[in-house]
Amino acid sequence: MKVTVFGTGYVGLVTGTCLAEMGNQVVCVDIDSAKVDGLNKGQIPIFEPGLTPMVVQNHQEGRLQFTTDAESAVAHGEIIFIAVGTPPDEDGSADLQYVLAVAGTIGRYLGHYAVVVNKSTVPVGTADRVQATISDALARRGAGTEFDVVSNPEFLKEGDAVKDCMRPDRIVIGAKSAKALEVLKKLYAPFNRNHDRIVAMDVRSAELTKYAANAMLATKISFMNEMANIAERVGADIEMVRHGIGSDPRIGYSFIYPGAGYGGSCFPKDVQALERTARQYGYEARILAAVEAVNDRQKDKLFELISRHFSGELQGKTIAVWGLAFKPNTDDMRAASSRNLLASLWNAGAKVQAFDPEAMHEAERIFGQRDDLMLVGTANAALQNADALVVVTEWKNFRSPDFTQLKQQLSAAVVFDGRNIYDPETVEQAGLAYYGIGRGRSIVRAD
Ligand SMILES: NC(=O)c1ccc[n+]([C@@H]2O[C@H](COP(=O)([O-])OP(=O)(O)OC[C@H]3O[C@@H](n4cnc5c(N)ncnc54)[C@H](O)[C@@H]3O)[C@@H](O)[C@H]2O)c1
């Protein structure tokens with residue numbers, strides 16, 4: 001099928017590539033000409049496992065094209081995806097300027113029936129606004145071209161995006177038009193062979209489903225962080241508690257890890273946007289507000305532990321930071337906890353030596369050159385002449401360090417484990433002080 005995708009970010013690029021992999025003719029369009037030029041040369045702007053060879057191969061074989069030419073891209077697509085960003089507005093609600101700009105562009109150029117598919121995460125009612133924007137643009141040039149707007153929210157996870165896209169848990173399609181639904185069913189048929197994953201519904205329910213999913217996952221994380229903060233105070237170990245509750249199938253083990261707060265481009269903004277939507281409709285979403293507030297506080301947790309250990313004396317200290325991305329297997333640092341930690345450390349006069357397996361170029365772009373930041377090439381280089389180690393992102397290669405060597409390298413002999421990846425006893429046996437999240441027993445010993 002002929003597919004056009006607006007936006008070549010994490011969602012648009014992965015979606016376009018997976019659709020090309022299934023044999024469709026895909027044109028990806030972006031306003032960022034540097035990105036498009038790079039993609040045409042095989043340079044992939046993001047780190048996503050498995051993505052590069054798929055992009056390169058499908059591009060070489062002519063099924064996947066990249067362009068800034070919106071007119072030809074609209075002319076190409078019988079299905080036109082909108083997969084552009086919906087960042088938070090000043091008041092926390094979703095900023096729809098990019099989505100509506102694409103809708104305007106589609107209306108300006110559309111000359112044949114097409115299904116316009118909204119894949120961006122957008123507040124309930126946005127499909128109606130997209131529909132109206134396209135209709136207005138068509139009317140302005142006296143065109144009566146028919147089209148349908150469908151909501152098809154994306155559930156892929158960064159770090160697993162290709163896998164999620166090729167083998168989705170579910171394909172949510174919110175459509176008013178039976179014809180549009182059939183077109184999408186045909187497009188998704190190759191992803192749907194094992195069993196039917198399509199959940200068809202009305203447009204507004206589809207729009208809300210995406211927010212409900214992210215809000216639920218964020219709630220699980222904030223709930224566990226709340227429990228961790230209680231555990232720390234009462235002298236319990238949240239990791240024991242986690243195992244204890246996860247074994248209940250009604251709760252389950254997934255997404256109940258305590259840590260340094262959730263980040264990334266989705267949970268923080270989506271929880272906020274849903275809370276603002278509720279407010280616009282006269283409802284105070286108290287759980288969502290609490291989830292957000294608990295997370296904001298949790299992002300300061302590592303700094304509080306560090307500051308407490310050093311009695312607030314961080315001036316001139318050098319802190320090794322392992323992990324900058326908001327989670328492993330991505331280079332995305334949007335709303336990452338590491339950013340809060342670094343800002344607080346700098347504010348207190350400390351220097352940072354940081355390493356992340358994939359996010360170094362992103363860190364360079366965000367922070368630029370500064371005297372109090374050394375971005376180094378290996379985990380070990382971050383430890384050179386450092387006083388303490390903080391683990392912010394649980395990359396696999398941080399999981400089993402040589403603690404005896406760490407003890408020799410870190411002058412203050414202390415490890416702050418923001419993701420509870422270490423066994424406190426093992427760390428302490430090597431002669432290091434250990435701080436985790438919600439590990440009351442180790443806090444008691446470390447004090
Ligand atoms: N990143 C994720 O894990 C994820 C998962 C599910 C859903 N989503 C949602 O998908 C949407 C896209 O997210 P993302 O992370 O891929 O964003 P992103 O910021 O990585 O990419 C957005 C891209 O859209 C381009 N763009 C902006 N305006 C454009 C226009 N008028 N025409 C063409 N291109 C344009 C930008 O240049 C950029 O390359 C958001 O609504 C997000 O909430 C993201």
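The side chain of R276 reaches the backbone oxygen of D91 at 2.5 Å, a polar contact, meaning a pair of N or O atoms within 3.5 Å; within protein, one must be able to donate a hydrogen and the other to accept it, and residues adjacent in sequence count only if both atoms are side-chain atoms. Keep in mind that this is a predicted model, where local features need pLDDT of at least 70, side-chain atom pairs count only at pLDDT 80 or more, and totals for chains, interfaces and linings use all residues. Residues are numbered from 1 along each chain as its sequence is written, and side-chain values use heavy atoms, with hydrogens and water left out.

- R276 sits in helix 11 (residues 267-280); helices (H or I, at least four residues) and strands (E, at least two) are DSSP runs, numbered from the N terminus.
- R276 counts as buried because its relative accessible area is 15%; buried means under 20%, exposed over 50% and partly exposed in between (1.4 Å probe, protein chains only).
- Setting aside residues up to four places away in sequence, R276 touches D91, G92, S93 and E292, where contact means heavy atoms within 4.5 Å.
- With a relative accessible area of 45%, D91 is partly exposed.
- D91 also uses its side chain for a polar contact with the side chain of S93, at 2.6 Å.
- From D91 to T133 it's 42 residues in sequence and 23 Å in space, C-alpha to C-alpha.

**Around the ligand**

- There are 27 residues around the ligand, and D30, K35, T86, E158 and K269 come nearest; to be near, a residue needs one of its heavy atoms within 4 Å.
- By type, the shell splits into 11 nonpolar, 8 polar and 8 charged residues; Ala, Val, Leu, Ile, Met, Phe, Trp, Tyr, Cys and Pro count as nonpolar, Asp, Glu, Lys and Arg as charged, and the others, Gly among them, as polar.
- E158 places a polar side-chain atom 2.7 Å from a nitrogen atom of the ligand.
- Y10 has a polar backbone atom 3.0 Å from an oxygen atom of the ligand.
- For R334, an N or O atom in the side chain is 3.1 Å from an oxygen atom of the ligand.
- On its own the ligand has 840 Å² of accessible area, and the protein covers 89% of that; the areas come from the Shrake-Rupley method with a 1.4 Å probe, and for residues only the protein chains shown count as cover.
- Helix 1 (10-21) and helix 5 (97-109) are the elements that give two or more residues to this shell.

**G104 in helix 5**

- G104 lies in helix 5 and, at 13% relative accessibility, is buried.
- Leaving out neighbours within four places in sequence, G104 contacts T133 and A137.
- G104 and L138 are 34 residues apart along the chain, with 8.8 Å between their C-alpha atoms.

**Two asparagines with positive phi**

- N329 isn't a glycine, yet its phi is near 65°; N329 falls in the loop between strand 9 (318-322) and helix 14 (337-347).
- N329 is partly exposed, at 32% relative accessibility.
- N385 has a positive phi too, about 55°, and sits in the loop between helix 16 (379-383) and strand 12 (388-391).
- N385 is exposed, with a relative accessible area of 70%.

**Confidence**

- Mean pLDDT for the chain is 96, and 98% of its residues reach 70 or more; pLDDT is the predictor's confidence in each residue, from 0 to 100.
- Residues 442-447 have pLDDT below 50, and beyond near neighbours in sequence this stretch has 14 contacts in the model.
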